[in-house]
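Hi,

Here is the structure I promised to pass on. Have a look at it first, and then read my notes below.

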Amino acid sequence: MARRSRSSAAAAVAVLLVASADVSAHRRDEYLQAARVALLPDRVTVQLDLTPGIEVADAIVTLVDRDRDGSLSAEEQHAYASAVVGALDLRLDDTRLPLQVNVSSFPAIASMRGGEGTIRIEASAAHRALAAGAHQVFLRNTHQRHQSVYLANALVPETARVTVLDQRRDERQTELTIDYSVHAGTVVPNAGWVLAGLPIAAGLLLRVTRRRRRVQDGSVQ
Amino acid sequence: MIARISLSIVFAATLTALVAAGARVPAQRSTAPSAAATAGTTAAIVSAAQKFAATLDDAGRAKVQFPFDSPMKSRWSNLPSGIYERHGVRMGDLTAPQKAAATTLLQAALSADGYRKVNDIIRGDEVLRTGASGRGGGRGRGPSFGQDEYYIAFIGTPSTASPWMLQFGGHHLAINLTLAGSQASMTPSLPAAQPATYTFEGREIRPLGKENDKGFGLINALDEGQRKQAILPYRVSDLVLGAGQDGRVIQPEGIPASALNAAQQTMLIEIIREWAGIMHHSYAEIRMAEIRRNLPQTYFAWSGPTTNGSVAYFRIQGPTLVIEYAPQNSVDHIHTIYRDPTNDYGAAIAK
């Protein structure tokens, strides 16, 4: 117990020293929010990297660590990721798309307070397969506007069926408009679904084959 | 606008083809006439690496050596020690003969200009530690600055045949040099500087001064129409593809080199050389030839004022190249990144 108290005290001192040190390498008083947008014919994915500067880290930690117990529980992480994604306005061809958090990861509180920690959130919105032709995605990030700087970029699409034509932003990059075109073709199902479906398909095939055999043998009326 | 869209499509198609034909890339990268020269360079680097390792005791060798397929490859940062934990051998822990061997290794691996740049960045960090603003710090007491806080590591065993990586870095510096026989890749690497200007032995030192001046030189060599294409109407506050952004390719923006005249294209190539030319010149020339081949699909984008001395960001992006130059709210604190989306960590050559 005594050892635990000493190590906790040492950790607290280390955190304080890190927090008070002059970290030259990163912005100090701003919350850097970098967004990347990946486009598919039937899905929009937004990847966010959120890095609080050393002088705003406490405020961000307070937003996440709601019970102030010094650790970020899964519920607290999920709640914060949902709040961040809730502050995003995503529109496809002028129609709002609801984003769902796919995955998020949070650094240790100490590294956030040291100006090093980056919160990563990925959210996506599935939508109807787009018809071939021109389309437009709009993304606005209003999370912590008073203390943030923003980066917003379209990723080069992973499929040749989508081509990004143009990107437009406001001066702060809180808003990003992407003009893109979708080319004709078949939407290839997600590889994960294909893999997951293979055993089911194999099972069905086996059942059909057995049934045919039984029919041929006359064992099934 | 139509030309811009067409070039976007050409860029995307080229990139897709390059990624799809990843297996063919190594053959396209090396050129037969240079193979002997680069093999000789690799042999010299391997020899220097082995001599450095021989100066270390068992504990030192255990610290410097990591398996090639370990996650160490992508563990690097621009942050100072104390904030970011580096692995490898710390320069400040080396004896004078060990430091001399490490210096010989860096000189073998880098060009003369590249070694000078690395040295100027490290010396700048020493100025940051000892200067008027005296960041100081020390081991175990938060962030640490200065020339002792740079680390050297081998990812994979130094070899003239098998792939391995020489990793050298500290605050504001990450050099990741992958060698695979006669081929080499020095991406991703992150040369940065703070202060961006300082005095050493009566001389003014600007570790990234040429990058800055050549960038401003090109933007000011563009005519009004070209500038309209090149200048992004929004602020870029930081690197988009800095540390931790491996494997991501953003949509290129700005003016394509195909819309530049010959003199302007030469200026663009000379900017790129400031990063591509950090590694030994025999590798750098092959890399520059590749960059020249892809020049028509390479874009130059600018954000900020165009008067030299202002805080301005620029990006150069082609099918096998990303360079970003990003002042951190000040002309005295610069971050840059140098990547090859098809060959970071030697992905295309280390097979």
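How much space lies in the second largest cavity? About 130 Å³. Keep in mind that this is a predicted model. The structure holds 5 cavities of 30 Å³ or more, and I picked that one to walk you through.

β4(B) gives the most, with 4 residues. Sorted by class, the lining has 8 nonpolar, 5 polar and 3 charged residues.

Now hop over to chain A and its open sheet. Its 5 strands run in the order β5-β6-β2-β1-β8, with mixed pairing. At the edges sit β5 (100-105) and β8 (148-154) of chain A, each pairing on one side only. On average, neighbouring strands here are turned by 15 degrees against each other, direction ignored.

Zoom in on β5(A): with β6 (residues 119-126) of chain A, this strand pairs in the antiparallel sense over 5 bridges. Within that pair, A:V101 stands opposite A:A123 in β6(A).

What packs on the sheet? Helix α3 (residues 74-86) of chain A does, touching β1 (31-40), β2 (43-52), β5 and β6 of chain A. The direction of helix α3 makes about 55 degrees with that of β6(A).

Cheers

Terms used: Residues are numbered from 1 along each chain as its sequence is written. Chains are lettered from A and ligands numbered from 1 in the order in which they are written. This is a predicted model: local features need pLDDT of at least 70, side-chain atom pairs count only at pLDDT 80 or more; totals for chains, interfaces and linings use all residues. Side-chain values use heavy atoms; hydrogens and water are left out. On a 1 Å grid over the protein atoms alone, a cavity is a set of points where a 1.4 Å probe fits but cannot get out, and a pocket is an open set with protein on both sides within 12 Å along at least five of seven lines; lining residues have an atom within 4 Å of a point. Grid points are joined across faces, edges and corners, and a volume is the space filled by probe spheres set on the points. Helices (H or I, at least four residues) and strands (E, at least two) are DSSP runs, numbered from the N terminus. Ala, Val, Leu, Ile, Met, Phe, Trp, Tyr, Cys and Pro count as nonpolar, Asp, Glu, Lys and Arg as charged, and the others, Gly among them, as polar. Two strands pair if DSSP finds at least two bridges between them. Axes are lines fitted to C-alpha atoms, for helices over the stretch in contact, and angles run from 0 to 180 degrees between N-to-C directions. Contact means heavy atoms within 4.5 Å.
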